[in-house]
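Please read the following briefing alongside the sequence and the coordinates. It is arranged by topic, so that each group of points can be checked in a viewer.

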Amino acid sequence: MKRQLTYEDMKNIVGQINQRNYDYDEPFLNVVDEILDNSEGKHVQTVLNESFEKLLSQVNTEIEQVEKEMELSSLCRVGCAHCCYFPIIVTRLEVKLMLFYINQLPKDRKQVIKNQVEEYLHQHEATLSDMKKLDFEKDQNFKRKYKEFHLPCIFLNRETNKCMAYEVRPIPCRTYVNYVDADVCANELLPKEPISYEFLHRFYVEGMDEVIQEILEVVEDKEIGFSYPDDAADVNYLPLLLQEELQTTNVDWD
Ligand code: SF4
């Protein structure tokens with residue numbers, strides 16, 4: 001049976017993870033190679049969607065590998081969605097890729113997401129307006145202030161507490177893990193016990209960059225619906241970017 005970790009144990013383990021002798025580039029580049037090797041005859045949009053899902057999924061695979069090596073057992077459970085009240089900061093490109101992915105889902109599932117997104121943007125209009133004033137680059141307390149909104153993520157199904165965009169949930173949703181005490185997430189605004197594997201973000205981004213560069217050899221970014229690299233440098237809160245995208249682009253929800 002795996003032992004219960006203390007916060008001090010966790011700090012030591014974080015040190016070990018940071019010093020781990022491991023080539024993170026390789027598995028992500030292998031994913032890219034496999035996608036590109038099997039891309040012949042596929043629509044570029046399909047290649048893009050596959051790459052997005054698989055490279056994000058590789059982040060989880062890498063976390064599982066670390067957990068196996070260090071004998072860590074996550075306390076995060078399906079239906080526990082406290083981290084879905086944290087600010088999720090993403091790029092405009094990621095939001096577009098999420099929308100592309102959602103657009104190719106079966107009609108019924110897409111309709112449920114569409115309904116929730118539209119209702120959410122209407123219901124939380126005032127909070128979204130306050131969110132625009134919360135500067136995550138300059139305000140060191142932005143996370144606490146955001147949590148005080150008590151605003152669920154736009155993709156959180158409030159009945160099941162499950163993510164409606166699970167396959168393409170962004171990096172922060174995958175990399176925040178609690179190994180110490182599940183109660184702290186329920187009881188504290190900013191618990192110190194969970195750790196973040198956010199360093200993996202870089203490898204997924206580099207993988208997506210490789211795929212996009214290949215795609216741009218055969219088709220222009222505007223034809224697919226994004227602007228590269230501008231969209232990859234445009235960073236903001238997930239619901240705000242989603243709101244802008246739905247207002248300014250012709251996303252086909254039907
Ligand atoms: S995208 Fe999904 S997992 Fe991430 S915060 Fe939103 S509901 Fe939660």
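The points below cover helix packing, the ligand shell, selected residues and backbone geometry.

This is a predicted model. Among its helix pairs, H3 and H4 cross at roughly 110°, H6 and H13 pack at an angle of about 110°, and H4 and H13 cross at roughly 65°.

**Helix H3 against helix H4**

- Helix H3, which spans residues 44–70, and helix H4, which spans residues 92–103, have axes that come within 10 Å and cross at roughly 110°.
- Because angles of 65 to 115 degrees count as roughly perpendicular, H3 and H4 are described as roughly perpendicular to each other, and their crossing is left-handed.
- On the H3 side the contact involves Gln45, Leu48, Asn49, Phe52 and Glu53, which meet Leu97, Phe100 and Tyr101 in H4.
- The residues of this contact of H3 with H4 divide by class into five nonpolar, two polar and one charged.
- An α-helix has 3.6 residues a turn, so residues three or four places apart point the same way.

**Two residues of H3**

- Gln45, which has its place in helix H3, is partly exposed because it has 17 other C-beta atoms within 10 Å, a count that falls between the limits of 12 or fewer for exposed and 20 or more for buried.
- When neighbours within four places in sequence are left aside, Gln45 is in contact with Phe100 and Ile224.
- The C-alpha atoms of Gln45 and Leu97 are separated by 9.6 Å, although these residues are 52 residues apart along the chain.
- Asn60 is also placed in helix H3, and with 14 other C-beta atoms within 10 Å it is partly exposed.
- Asn60 and Thr175 are 115 residues apart in sequence, yet their C-alpha atoms are 7.9 Å apart in space.

**Helix H13 and its partners**

- Helix H13, residues 238–248, has as its buried residues Leu238, Pro239, Leu241, Leu242 and Gln243.
- These buried residues of H13 pack against strand S1 (89–91), H4, helix H5 (107–123), helix H6 (125–132) and strand S6 (235–237).
- With H6, the packing angle of H13 is about 110° and the axes are 10 Å apart, and the two helices are therefore roughly perpendicular to each other.
- Leu128, Met131 and Lys132 in H6 meet Pro239, Leu240 and Gln243 in H13, and the residues of this contact of H6 with H13 divide into four nonpolar, one polar and one charged.
- With H4, the axis of H13 comes within 10 Å and the crossing angle is roughly 65°, so that H4 and H13 are likewise classed as roughly perpendicular to each other.
- H4 passes H13 in a right-handed crossing, in which the contact is made by Arg92, Val95, Lys96 and Leu99 of H4 and by Leu238, Leu241, Leu242 and Glu245 of H13.
- The residues of the contact of H4 with H13 divide into five nonpolar, no polar and three charged.

**The ligand shell**

- The residues around the ligand are Cys84, Ile88, Cys153, Phe155, Leu156, Cys163, Ala165, Arg169, Pro170 and Cys173.
- By class, this shell around the ligand has nine nonpolar, no polar and one charged residues, with Arg counted as charged and Cys counted as nonpolar.

**Backbone geometry in loops**

- Most residues other than glycine have a negative phi, and most peptide bonds are trans.
- Tyr228 and Pro229 are joined by a cis peptide bond with omega about 10°, and Pro229 has its place in the loop between helix H11 (221–224) and helix H12 (230–233).
- His150, a residue other than glycine, has a positive phi near 55° and is placed in the loop between helix H7 (142–147) and strand S2 (156–157).
- The count for His150 is 9 other C-beta atoms within 10 Å, and His150 is therefore exposed.
- Asn161 likewise has a positive phi, near 60°, in a residue other than glycine, and it lies in the loop between S2 and strand S3 (162–163).
- Asn161 counts as partly exposed, because it has 15 C-beta neighbours inside 10 Å.

How values were computed: Residues are numbered from 1 along each chain as its sequence is written. This is a predicted model: local features need pLDDT of at least 70, side-chain atom pairs count only at pLDDT 80 or more; totals for chains, interfaces and linings use all residues. Axes are lines fitted to C-alpha atoms, for helices over the stretch in contact, and angles run from 0 to 180 degrees between N-to-C directions. Helices (H or I, at least four residues) and strands (E, at least two) are DSSP runs, numbered from the N terminus. Angles under 35 degrees count as roughly parallel, over 145 as roughly antiparallel, 65 to 115 as roughly perpendicular and the rest as oblique. A crossing is left-handed if the near helix is turned anticlockwise from the far one by less than a right angle, and right-handed if clockwise. Two residues are in contact if their C-beta atoms, placed from the backbone, lie within 7 Å. A residue is near a molecule or strand if its C-beta atom, placed from the backbone, lies within 6 Å of it.
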